[in-house]
Amino acid sequence: MSPLSSPGDKHTTHFGYQEVPVDEKASRVADVFHSVAARYDVMNDLMSFGIHRLWKRLTIERSGVRPGHSVLDIAGGTGDLTLKFSRMVGPRGHVVLADINESMLRVGRDKLLDNGVGGNVEYVQANAECLPFPDNTFDCITIAFGLRNVTDKASALRSMTRALKPGGRVLVLEFSKPVNPLLSKAYDEYSFRLLPRMGQMVAGDADSYRYLAESIRMHPDQETLQEMMEAAGLERVEYTNLTGGIVALHRGIKL
Amino acid sequence: MTLTPTLLLAGIERTLNALLARDPAAPARLARLSGNRVLLRLARPELSLAIHFHPAGLDLLRPQEDTDDAFDAVVELNAETLGELLGDESIERLMFQGKLSVRGHVHLLEATRDLLLDLDLDWEGELARWLGDVPAHSLAEGLRRATRWGRRAHGEMRSDIAEYVFEEAKLLPGKHQLENLRDHLTELEMTTDRLEARLARLRRQLQREASPR
């Protein structure tokens with residue numbers, strides 16, 4: 001079943017491999033992230049063998065952010081991207097760290113404050129589907145490992161495009177479909193067998209990490225996401241496969 | 001493959017920031033540089049590197065389609081010149097020789113080089129955090145003594161070997177003997193050239209006299 005056009009799209013959506021009422025998905029995703037927030041960074045390092053830091057670095061390099069720019073980091077979680085962006089935009093620019101989940105936002109804020117980041121960063125609890133910002137506000141909008149948790153991805157992409165200044169760029173870093181069948185097989189074994197066990201051992205929560213693996217499989221592949229970004233009004237949309245397509249970085253520009 | 005340069009840069013950035021964090025003089029230098037962006041563009045091998053300074057260190061990034069005006073200084077050089085620059089060669093001399101081009105704030109290049117070359121790491125302080133003041137001082141003192149002994153022993157060994165090879169066993173000629181030999185060889189070469197020219201002239205003369213009129 002396609003995540004874009006499932007039968008009964010109006011009433012149900014997927015939550016991992018389960019079908020749940022649309023109204024319920026946000027709260028169930030919230031529960032997952034309330035559960036893992038405190039150990040989110042440790043788990044990310046363990047699960048990706050630290051490679052998630054390189055994926056995020058590449059996102060920052062492709063962002064083209066300069067001093068004085070306004071940046072929105074949606075689903076910013078524990079603030080990895082915001083930390084770098086706040087240095088890059090300098091005191092004349094500003095960065096908004098947005099997350100729908102209060103626990104994640106609190107962990108991110110504490111981490112950034114501990115790293116001496118303060119003056120040019122704002123924290124906003126917001127739903128990506130209806131961003132509470134005026135039109136044409138940001139020079140760059142990023143969403144790293146967050147889009148697959150959004151109930152209505154098309155709305156979220158439209159909302160981002162609306163809040164983006166003309167000439168600005170949206171970057172979506174998200175798990176995708178491995179391009180090599182062998183890698184795909186190994187990746188499946190890893191995500192469905194090893195990952196929930198690691199989640200149980202480190203974060204004491206196997207279900208959340210099972211959801212993570214399932215939600216990745218239900219997320220649109222590279223070409224579908226590219227089409228969705230173009231449908232949202234972004235142009236020159238392109239993507240780069242990272243680590244054999246396990247993750248893809250999509251970039252689109254608002255003209 | 002996309003991630004290999006990113007991994008390398010991340011490693012270099014992490015190492016530099018860890019070293020800067022151990023230098024007591026670095027925060028003041030970084031405060032002066034903070035907020036500045038320097039673009040380093042290497043001609044051979046072709047490579048661009050953006051350095052963003054912040055109060056806690058620096059960020060190294062590969063610029064994508066940034067134009068030069070996004071940077072406070074743009075430095076263009078090749079790998080050889082980069083080596084000379086890090087070897088404390090004068091920036092002005094390299095610029096006059098045409099090996100180095102700097103646009104924007106030239107002083108940023110000098111400040112960046114000073115920041116990296118004048119790193120004064122407080123290893124003893126760092127050791128004291130782990131071992132305590134007295135053991136750390138004893139260990140550091142021991143290492144300093146071992147280093148001094150190593151340098152002295154190295155110098156003495158070089159001089160002893162040179163004395164044996166050049167003076168006692170006379171296995172190789174000394175510097176002055178070599179220069180003397182080179183002068184003699186140069187003189188011999190010039191004399192041979194002159195003799196060759198004279199012989200050629202005599203040959204031509206003989207050919208002219210032998211030829212029927």
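How many residues does the contact take from chain B, and how many from chain A?

1. The model is predicted. The contact draws 16 residues from chain B and 17 residues from chain A. On the side of chain B that touches chain A, α1 (3-21), β2 (47-54) and β3 (57-61) of chain B each supply at least two residues. The largest share of that side comes from α1(B), with four residues. Sorted by class, the side of chain B that touches chain A has six nonpolar, six polar and four charged residues.

2. Chain B holds eight helices and five strands. Read from the N terminus on, the order of its elements is α-α-β-β-β-β-α-α-β-α-α-α-α. Chain B is more spread out than a compact globule, because its radius of gyration of 30 Å is well over the 17 Å that the globule rule gives for 213 residues.

3. The dimensions of chain B can be set beside its burial and contacts. The C-alpha trace of chain B spans about 100 × 55 × 35 Å along its principal axes. Of the 213 residues in chain B, 14% count as buried. Among contacts in chain B with a separation of 6 or more, 58% are between residues 24 or more positions apart.

4. The largest nonpolar core has 79 residues. Those with the most contacts inside this core are A:Val71, A:Leu72, A:Ile141, A:Met160, A:Leu173, B:Val38 and B:Val75. The element that gives the most to the core is β7(A), with six residues.

5. With neighbours within four places in sequence left aside, A:Leu72 is in contact with A:Val96, A:Ala98, A:Phe138, A:Ile141 and A:Ala163. A:Ile141 is itself listed among the residues with the most contacts inside the core.

6. Which residues of helix α9 (residues 222-231) of chain A are buried? They are A:Leu225, A:Gln226, A:Met228 and A:Met229. These residues are on the same side of α9(A), because they cover an arc of only 160 degrees around the axis. An α-helix has 3.6 residues a turn, so residues three or four places apart point the same way.

7. What do the buried residues of α9(A) pack against? Their partners in chain A are α6 (153-163), β7 (164-175), β8 (235-242) and β9 (247-253). Just after α9(A), A:Gly233 takes a positive phi of about 110 degrees.

Key:
Residues numbered from 1 in each chain as written. Chains lettered and ligands numbered in written order. Predicted model: local features only at pLDDT ≥ 70, side-chain atom pairs only at ≥ 80, totals over all residues. Buried ≥ 20, exposed ≤ 12 C-beta atoms within 10 Å, placed from the backbone. Arc of directions from axis to C-beta. Contact = placed C-beta atoms within 7 Å. Core = buried A, V, L, I, M, F, W, Y, C linked by C-beta atoms within 7 Å. Rg over C-alpha atoms; globule rule 2.2 N^0.38 Å. Nonpolar A, V, L, I, M, F, W, Y, C, P; charged D, E, K, R; others polar.
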